[in-house]
Amino acid sequence: VMTQLPAIGFAAWSGTGKTTLIEKLVRELKARGSRVALIKHDAHKFEIDKEGKDSWRFSQAGADMTLISSETKTAIIEQRSRSFEENLGMIHDVDVILVEGYKQENIPRIGISRNATGKGLPHDVKTYAAIVTDDAELFQKGITVFGLEDISAIADFIQNLARL
């Protein structure tokens with residue numbers, strides 16, 4: 001069952017400033033009273049349960065799933081990959097889901113391009129709902145474009161896209 005929560009993706013080459021932009025947008029959306037979730041696909045084998053910690057020890061012992069909960073946060077560590085749909089299904093009680101990675105999923109996407117990287121956008125400009133860039137040429141393409149520091153305007157765009 002697909003969630004009805006709006007999900008908006010971000011696409012850029014590594015080193016473009018995706019994480020920094022998303023971080024600023026989370027702060028802005030939170031300041032506006034929105035509840036925000038983030039789903040990130042990591043191409044590397046990330047470690048959330050550090051060596052020696054209880055959760056790591058349980059995983060090493062063969063636990064398929066470990067749930068850790070405290071007064072302030074809860075984490076679930078599952079020893080398998082999950083589909084984008086499964087991950088979406090885990091998200092609840094938020095207004096919008098920001099997605100980093102999962103390039104193949106059919107969700108609106110904001111492309112980020114920074115001249116300093118010399119790489120441009122990872123996909124055709126027409127595949128994006130909007131572009132965030134410092135490349136003046138992209139402002140001429142007849143597509144919604146924001147500057148790298150236009151956080152308030154980008155947040156407006158996301159809220160409009162998510163119908164918040």
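Guide: Buried means under 20% relative accessible area, exposed over 50%, and partly exposed in between (1.4 Å probe, protein chains only). This is a predicted model, in which local features need pLDDT of at least 70, side-chain atom pairs count only at pLDDT 80 or more, and totals for chains, interfaces and linings use all residues. Residues are numbered from 1 along each chain as its sequence is written, and side-chain values use heavy atoms, with hydrogens and water left out.

Visitor: Which residues have the most contacts inside the largest nonpolar core?
Guide: A nonpolar core is a set of buried Ala, Val, Leu, Ile, Met, Phe, Trp, Tyr and Cys residues joined through side-chain atoms within 4.5 Å. The largest one has 22 residues, and those with the most contacts inside it are Phe-10, Ile-110 and Ile-158.

Visitor: Which element gives the most to this core?
Guide: β1, α1, β5, β6, β7 and α4 each supply at least two residues. With five residues, the one that gives the most is α4.

Visitor: What covers the buried residues of α4?
Guide: Those buried residues are Ile-151, Ile-154, Ala-155, Phe-157, Ile-158 and Gln-159. Their cover includes β1, α1, β5, β6, β7 and β8.

Methods:
Helices (H or I, at least four residues) and strands (E, at least two) are DSSP runs, numbered from the N terminus. Contact means heavy atoms within 4.5 Å.
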